[in-house]
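Take a first look at the model below.

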Amino acid sequence: MTLTQSLHGLNGPKIKAFHITPIAVVDPPLLNAAGLHAPYALRTVVELVTDDNISGISEIPGNIAIDRSLEASKPLIIGQDPFQLNTIRDLLLAHFGQDKASERGDTPWDQRTLVHIFSAIEVACLDIIGKIINRPVVDLLGGRRRDRVPFSAYLFYKFEGAGGPLAFGTDPTATGWAAARQASALTPDEIVAQAKAMCAEFGFQSIKLKGGVFDPRQEVDAVFALREAFGPSVPIRIDPNALWTVETAIQYGKEMEGVIEYLEDPVRGQENMAAVRKALKTPLATNMCTTSFEDIPRSYLLGSEDIILSDHHFWGGLQASMTLADICRIFGRDLSMHSNSHLGISLAAMVHLGAAIPNLTYALDTHYPWQSDEIITGGRLTFEDGGVAVPEGPGLGVELDREALARLHENYLACGLTKRDDETEMQKVQPGWTFKATRW
Ligand code: GKR
Ligand code: MG
């Protein structure tokens, strides 16, 4: 018997199996500051099973290095009681060491180990706990503050194409949003058409434009075209993913003052964000400069943003995200949510979290409309007036579709991708293209 077992009792459930399944899901050719999305986005699905056969699931961004670390964590997790999340966290921390905020550096997205692994294991454990006590995950986060969680339309510049086996090709039989999702969107008019089709399908009531692709003039013109098309009642945001200089951000930020509800990561780093923030009245949001608890003291000292875009995959799980919500409340930050290409398990977790957090002032981001695959039974989760209802049932309220999981794992094996690399994808279309940390 280990010390942990004697401290926490021998009678609780024990994790007896830990399954890690990398999958590849169809993703259209979306453009961003880091390049181009590949025809498949990678996710990893984790399933923990207890000795009384209760299964808990989670989904995180796919990356072979993280999958290997998940694999290495198996001996630590097998035999643990899923209720003992503090013990599980301590074991993982002792094994992997604390993530360093600096590890994220100028890389386009977060690849830190511990936050991913703990998020994967914690969400699956919360799913198990919810099933055992017959309560939804939101009740494990302090209980629901709302029944439906609002999301925002997430627009992308994109090449024509459906992604997946069609890549840059399109399916002529597609209709509605499925057809619009294939269309090219490179001009302000095409961005407006994309927004109209997405809002018509999902009922979104606010809009985010992923920028950092074209000269800021062109992207700001698209913001004004959206404003013209949707009017002042639909809040708009733009996210150039830190590619602008301080001068560019101030120039265009002033031009968009009163038109956008917030400006997301116009520039790189907390100091630059603070300089832009001082010059503008528009609030600044970030998922790039304040991305871990370690970053919070400097964020507060410098005043680098008004809104932190949390992401339970990158902040170490749902409970840690609740802690972040409290910190934001205490230190005068608003909280909203960042997203990457994802399926319904992640969406369900985001909705449970979104239903629990106190200070939900802004509609959350989601890439979900861009995905067509699904790995939960009963098909894709539905949006009503841009919101998703907290799933019914204990735990996350969604179940794994094992056939779909097997099919998407086959996609993973066949597509040959093992990590996200938008720069390489872009070079296939524009040879010589390289990522720049600051471009305009
Ligand atoms: O999926 O291309 C993308 C986005 O650019 C994503 O990777 C970002 O992390 O959504 C993100 C953001 O808000 O920065
Ligand atoms: Mg962002």
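What follows is a short tour of selected features.

This is a predicted model, in which local features need pLDDT of at least 70 and side-chain atom pairs count only at pLDDT 80 or more, while totals for chains, interfaces and linings use all residues. Residues are numbered from 1 along each chain as its sequence is written, chains are lettered from A and ligands numbered from 1 in the order in which they are written, and side-chain values use heavy atoms, with hydrogens and water left out.

**The sheet**

Seven strands make an open sheet, ordered β7-β8-β9-β10-β11-β12-β13, with parallel pairing. β7 (153-156) and β13 (334-337) stand at the edges. Each has a single partner strand, so one side of each lacks a neighbour in the sheet. On average, neighbouring strands are turned by 25 degrees against each other, direction ignored.

Strands (E, at least two residues) and helices (H or I, at least four) are DSSP runs, numbered from the N terminus. Two strands pair if DSSP finds at least two bridges between them. Axes are lines fitted to C-alpha atoms, for helices over the stretch in contact, and angles run from 0 to 180 degrees between N-to-C directions.

β7 and β8 are joined in the parallel sense by four bridges. Here phenylalanine 156 has lysine 210 in β8 as its bridge partner. Four bridges also join β8 to β9, and these two run parallel. Strand β11 (residues 284-286) runs parallel to strand β12 (residues 307-310), with two bridges between them. Alanine 285 stands opposite isoleucine 307 in β12.

Which residues cover the two faces of strand β8 (residues 207-210)? Ile207 and Leu209 lie on one side, Lys208 and Lys210 on the other, and all are buried. Buried means under 20% relative accessible area, exposed over 50%, and partly exposed in between (1.4 Å probe, protein chains only).

**The magnesium site**

The magnesium ion (ligand 2) has Asp239 (OD), Glu264 (OE) and Asn287 (OD1) as protein donors, 1.9 to 2.2 Å from it. Donors are N, O and S atoms within 2.8 Å of the metal (3.2 Å for Na, K and Ca); water is not among the atoms, so sites may look incomplete. The donor spacing in sequence is D-x24-E-x22-N. Aspartate 239 sits in strand β9 (residues 236-239) and glutamate 264 in strand β10 (residues 262-264), 25 residues apart. Aspartate 239 is buried, and glutamate 264 is buried too.

**Accessibility of selected residues**

| Residue | Relative accessible area | Class |
|---|---|---|
| Aspartate 239 | 1% | buried |
| Glutamate 264 | 0% | buried |
| Alanine 356 | 0% | buried |
| Lysine 131 | 21% | partly exposed |
| Isoleucine 132 | 34% | partly exposed |

**Helices and surface**

Isoleucine 132 belongs to helix α4 (residues 113-133). With Phe83 and Ile133, Ile132 forms a nonpolar surface patch of about 230 Å² accessible area together. Patch residues have over 30% relative accessible area and no salt bridge; like charges are joined within 9 Å, nonpolar side chains (Val, Leu, Ile, Met, Phe, Trp, Tyr) within 5 Å. A salt bridge is a side-chain nitrogen of Lys or Arg within 4 Å of a carboxyl oxygen of Asp or Glu. Accessible areas come from the Shrake-Rupley method with a 1.4 Å probe; for residues, only the protein chains shown count as cover.

Lysine 131 also lies in helix α4.
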